[in-house]
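I opened a new notebook page today. Have a look at the model with me, and I will jot down what I looked up as I go.

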Amino acid sequence: MSDFPLFPAQASTIAWQVDALYGFLVLLTVVFCILVFGMVTIFAIKYRRRSDDEQPEQNHGNLALELSWTIIPLFIALFVFLLGADVFFRLQRAPADPLEIYAVGKQWMWKIQHESGKREINTLHVPKGQPVRLTMTSEDVLHDFFIPAFRVKNDVIPGRYTTLWFEATQLGEFHIFCAEYCGTLHSGMIGKVIVMDPTDYHDWLMGASASDESMVEAGQRQFQALGCETCHKSTSSGQGPSLVGIYDKPVKLKNGQEVTVDVDYIRESILQPRAKIVDGYEPIMPIFEGQISEQSLLQIVSYIKSLTESAE
Amino acid sequence: MSDAVKANGEPKNYLNDTYGIKSWLLTLDHKRIGIMYLITLTAFFLVGGVFAAFIRLELMTPKGDLFEAETYNKMFTMHGVVMIFFFLIPSIPAVLGNFLIPLQIGARDVAFPKLNLASYYLYALGGMFAIAAILMGGIDTGWTFYTPYSSSYSNSFVSLALVGVFINGFSSILTGVNFMVTIHKMRAPGLTWFRLPLFIWGHYATSLIQVLGTPVVAITLLLVVFERVFNIGIFDPTYGGDPVLFQHMFWFYSHPAVYIMILPGFAVISDVIACFSRKRIFGYSFVAFSSLAIAVLGFLVWGHHMFVSGQSTYASMVFSFITFFVAVPSAVKIFNWSFTLHKGSIKLDSPMLYVMGFIGLFTIGGLTGLFLSTLGTDVHLHDTYFVVAHFHYVMVGGMVMAFLCGLHFWWPKMTGRMYPEGPAKLGVMFVFAGFNLTFLPQFILGYMGMPRRYHAYPEEWQALNIMSTAGATVLGLGFGLTIAYFIWSLFKGEKAPANPFQAKGLEWDIPSPPIAHNFEAIPIVTWEAYPYGPEEAASQSTETATEPAKEDEVV
C-alpha cells in the first residue's frame with residue numbers, strides 16, 4: 001500500500017461492484033455540489049447589495065421549477081436505489097455449494113472452525129477463487145465481522161446465526177475488524193484473512209496442526225453422547241422426527257404453519273425444542289439451552305446438515 | 001408609558017424588569033427561559049467538546065497510547081450522549097424557539113408558561129443525572145446503548161445515564177406540546193398559517209416528532225434499565241430476549257430524532273436567507289410542506305440503520321426505498337434557498353456567511369446520506385468513519401452552523417447588544433475551514449474501512465487521522481472565539497437598534513431587547529410572511545392597527 005491510499009484493496013468478486021457504485025455516487029455528489037455551490041456563489045456575487053436602500057424585485061416561486069426539482073431528484077434517487085438493491089442482492093445470495101466456515105465471536109476474539117475440524121483464532125485462511133460462506137454467532141454481545149478488502153460485513157448476534165459470503169480474488173493478508181462496538185477491547189477484536197492458492201489451502205488444512213476429527217464427526221460424536229439418537233433415528237420409527245434429508249426443506253408444524261429447516265431452525269429446535277413442534281410429534285424433547293457451547297452447537301448443526309447431503 | 005422608563009433612562013425590558021436570582025430561576029417569561037437554556041446548553045456543549053478533543057488527541061497515533069481503552073470508550077460515549085441528548089436535541093427549539101415563537105406569532109408568551117419552566121427543570125434534572133454518571137465513572141456503551149452490552153455486560157453507570165436521558169425526554173415532549181398549542185391557538189389576529197414565518201413551520205414539524213417519537217425511546221431505555229436492575233428478559237438472549245428488538249425500538253425514535261435536530265436548523269436558515277437577500281423565500285409553501293414531509297417520512301425509515309443487523313433482505317429493501325424519498329424534500333429545500341438568492345440584494349454579514357456554510361455542508365451531508373441509504377454501499381460503509389463523517393456534516397455542518405447563524409441573527413434582539421462583526425466573520429471562517437478539515441478525511445477513512453469507536457487503528461491511516469485532529473483544533477478555536485466575543489459583546493457591544501438587519505417579522509417591530517410581555521399592543525397581521533418588496537412593505541406600514549394591551553392577559 002502507498003503512504004496515502006484512498007481505497008482499500010479490491011480483493012473479492014463483489015469489491016469492484018461496490019466500488020463502481022461508490023464511484024457513481026461520488027460523481028453524483030460532485031455534480032450536485034458543483035451545481036449548488038456554483039449557483040449560490042454566482043448569485044451571491046452577481047446580486048450583492050450595492051446600495052443600502054436597494055429593493056430587489058420580488059418573486060414568490062415558480063411551479064415549473066418546483067416540480068422539476070421535486071421530480072428529477074426523485075427519479076435519480078429511485079435509480080440509485082435500484083443500483084444499490086441489485087448489488088445488495090448479490091451480497092446477500094451466496095452461490096450454490098460454497099465452502100462453509102464457522103465463526104464464533106466473543107469478547108474479544110474470533111474463533112473460527114473449518115469443516116475439516118481445523119480451528120484458528122483471529123485468522124481466517126481461505127482459498128482464492130472459491131465462494132466461502134461464514135456462518136456466525138456470538139457467545140456474548142453483538143459483534144460484527146467486517147473485511148474491508150472484500151466489502152462484506154454482517155452483525156454477529158448472540159442467540160442466532162447470521163451469514164456472509166465472499167469469493168477472494170487476490171492472494172495476501174487482509175484486515176478483519178469487529179465493526180459493532182462490543183466493549184473494552186473492541187478495537188482489539190481484529191484479525192487477518194489469509195487468502196491462499198486452493199492447493200496451499202488444502203495443504204494448510206491437512207498440515208501440522210490438522211484436526212483428527214472433522215466438524216461433522218465431532219457433531220456426530222456429541223449427537224450420540226447427548227442421546228439424541230434414541231429418538232431421532234435414521235428411519236421414521238423414532239419418537240422424534242428423523243433428521244435425514246430434512247435440511248433446507250419445508251416442514252409442517254403442529255400449529256399448521258410451515259417452516260424451512262435452516263440453521264436457525266435447527267439451532268432453536270435443539271435449545272428450545274418446544275418453540276416449534278413438527279406435526280405428528282409430541283413436545284417431549286428436553287431443553288438444551290445453556291448446556292451446549294456455541295462451538296459444539298455448530299458442530300451438531302453441521303452434522304445434521306450432513307445427514308441431508310449424504311442422503312442426496 | 002412613563003413607568004416603562006427607568007430612572008437611569010434605560011427603557012424597561014425583559015432583562016431589567018425584575019432583578020435577583022429568584023426572578024430568573026422562577027421566571028415564567030419564555031424569553032428568560034430561553035436564555036437559561038442557552039447558558040445550560042453551552043455548558044453541555046463545552047463538556048461534550050472536551051470529550052471530542054480527547055478523542056481526537058488519542059487518534060493522532062495509531063496505538064492506543066494516551067488513554068486506556070476503557071477510558072476512550074467512555075469518552076466517545078459521553079461525547080455522544082451529552083452532545084445529542086443535552087445539546088443538539090434541545091438546542092434551537094429550546095433557545096431560539098422559546099425566545100422567538102411567541103414574538104413571531106404576536107403572542108405574549110407560550111401557551112403554558114409554567115409547563116415551559118417545568119421543561120427547563122426536567123432538562124436540568126436529566127442533565128444532572130448524566131453529569132452524575134460521568135463524575136461517578138462514566139458510561140461505555142456508545143450513545144446508542146445497544147443491547148445486550150448495555151443491559152447485561154457493561155459495568156459502567158448505564159442506569160444512571162439512562163434515567164437522565166429518560167427524564168430529559170419529558171422535557172422534549174412537554175416543549176413539543178407547548179409549542180404546538182402555542183402555534184395553533186395563540187397567533188395574532190390575521191396571522192394565518194401561510195402568513196407564518198418558516199421558522200414557525202419548522203418548529204411545528206419538530207414538535208410533532210418530539211411528541212410522537214420521544215415516548216418510544218423513553219420506554220425503550222426504561223426497559224434496558226429494568227433488564228439491568230431486575231434481570232427481566234427483554235433484549236438479552238440469555239434471558240430469552242431479542243437484542244435486535246432494541247435496535248428497532250431505539251431507531252424508531254432516534255432516526256426521527258435526527259430530524260428533531262435538523263428541522264429547526266432549516267427553520268432558522270429560511271428566515272435568515274430571506275432577510276439578507278431582501279426577498280420572500282422562493283417557493284414558500286414547498287419549503288413549509290417539505291418540513292412536514294420530512295417529519296412524516298422520518299418515522300418510516302428506522303430500518304436503514306439495520307441493513308447488516310440480520311434484518312430480512314426484503315425489509316432492508318423497503319427501508320432503503322422509503323429512505324430515498326427523504327432525499328426529495330431535502331433537495332427541494334436546498335434548491336428553494338438557492339433560488340431565493342436569485343436577483344436578490346445579498347449582503348454577506350456573518351449570519352449570512354453561516355447560511356452559506358450551512359448550504360454547502362448540509363448539501364455534502366445530505367448527498368453522503370445517499371451512500372448510506374444505498375444498500376450495496378451501506379454494507380461496506382456501515383459502522384465506519386464514513387457514518388461518523390456523514391452524521392457530523394449534518395449535525396455540526398448543518399445544525400450547529402444553523403444554531404450559530406440564528407444566535408448571531410437574533411443576538412441583538414435577545415441581548416440588546418450587537419456582536420462585533422469582524423471577529424464574527426473570522427469565527428465563521430475558522431468554523432467552516434476547521435470543520436471540513438476535521439471531517440472530510442473521515443469519509444476517506446470510512447471507505448478505507450476504519451471502524452468507528454476504535455481506540456487503536458492500523459498505521460496506514462495515521463496521516464488522515466492527523467489531518468482530522470488538526471482540523472478539530474481549528475474548529476475548536478473557531479468555537480472558542482465565537483463564545484468569547486459573544487460574552488464580550490454583552491458588556492462592550494454596541495447597543496442594538498430594534499431592527500439592525502432591516503429584517504421583516506413581528507419580532508423586529510418591538511424594541512431590542514423586548515419588554516417583559518413582548519407587545520404593548522397585539523398586532524393585527526394583514527401581510528404575507530417576508531414582506532421584503534416595496535409594495536408589500538407599504539401595505540404593512542399603513543395597516544399597523546393594534547389592539548389595546550390587556551394587562552390581565554400577561555402571565
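**Entry 1: ground rules**

I call a residue buried when its relative accessible area is under 20%, exposed when that area is over 50%, and partly exposed in between, using a 1.4 Å probe and protein chains only. By that rule, buried residues make up 65% of the 555 residues in chain B.

I note that this is a predicted model, where local features need pLDDT of at least 70 and side-chain atom pairs count only at pLDDT 80 or more, while totals for chains, interfaces and linings use all residues. Residues are numbered from 1 along each chain as its sequence is written, chains are lettered from A and ligands numbered from 1 in the order in which they are written, and side-chain values use heavy atoms, with hydrogens and water left out.

**Entry 2: chain B as a whole**

I looked up the secondary structure, where helices (H or I, at least four residues) and strands (E, at least two) are DSSP runs numbered from the N terminus. Chain B came out with 17 helices and zero strands. Its radius of gyration is 23 Å, close to the 24 Å of the globule rule for 555 residues, so chain B is as compact as a globular protein of that length. For my own reference, that radius is taken over C-alpha atoms, and the rule is 2.2 Å times the number of residues to the power 0.38. The C-alpha atoms of chain B fill a box of roughly 70 × 50 × 45 Å along the principal axes.

Next I checked contacts, meaning heavy atoms within 4.5 Å. In chain B, of the contacts between residues at least 6 apart in sequence, 81% join residues at least 24 apart. I then took the accessible surface (Shrake-Rupley method, 1.4 Å probe; for residues, only the protein chains shown count as cover). For chain B this surface is about 17700 Å², and carbon and sulfur atoms hold 71% of it.

**Entry 3: chain A as a whole**

Chain A has six helices and 12 strands. Its radius of gyration is 27 Å, well over the 20 Å from the globule rule for 312 residues, so chain A is more spread out than a compact globule. Its C-alpha atoms fill a box of roughly 95 × 50 × 40 Å along the principal axes.

Buried residues make up 49% of the 312 residues in chain A. Among its contacts between residues at least 6 apart in sequence, 65% join residues at least 24 apart. The accessible surface of chain A is about 14600 Å², with 57% belonging to carbon and sulfur atoms.

**Entry 4: two cis peptide bonds**

Which residue does B:Thr147 join through a cis peptide bond? I found B:Pro148 there, with omega near -5 degrees. B:Pro148 sits in the loop between helix H5 (113-136) and helix H6 (149-153) of chain B.

I stayed with B:Thr147, which counts as buried at 1% relative accessibility. A polar atom of its side chain lies 3.3 Å from the backbone oxygen of B:Pro243. Leaving out residues up to four places away in sequence, B:Thr147 touches B:Val224, B:Phe235, B:Pro243 and B:Phe246, and also A:Leu142 from chain A.

I found another cis bond between B:Ser512 and B:Pro513, with omega about -10 degrees. B:Pro513 lies in the loop between helix H16 (462-492) and helix H17 (534-542) of chain B.

B:Gln502 has a positive phi of about 50 degrees although it is not a glycine. Is B:Gln502 buried, exposed or partly exposed? I wrote down partly exposed, at 40% relative accessible area.

B:Ala529 lies in that loop between H16 and H17 as well, and at 5% relative accessible area B:Ala529 is buried. Setting aside residues up to four places away in sequence, B:Ala529 touches B:Arg195, B:Leu196, B:Pro197, B:Arg280 and B:Tyr284.

**Entry 5: one last stop in chain A**

I finished at A:Asp97, in the loop between helix H2 (63-92) and strand E1 (99-106) of chain A. Phi of A:Asp97 is near 50 degrees, a positive value in a residue other than glycine. A:Asp97 is exposed, with a relative accessible area of 76%.

Terms used: A polar contact is a pair of N or O atoms within 3.5 Å; within protein, one must be able to donate a hydrogen and the other to accept it, and residues adjacent in sequence count only if both atoms are side-chain atoms.
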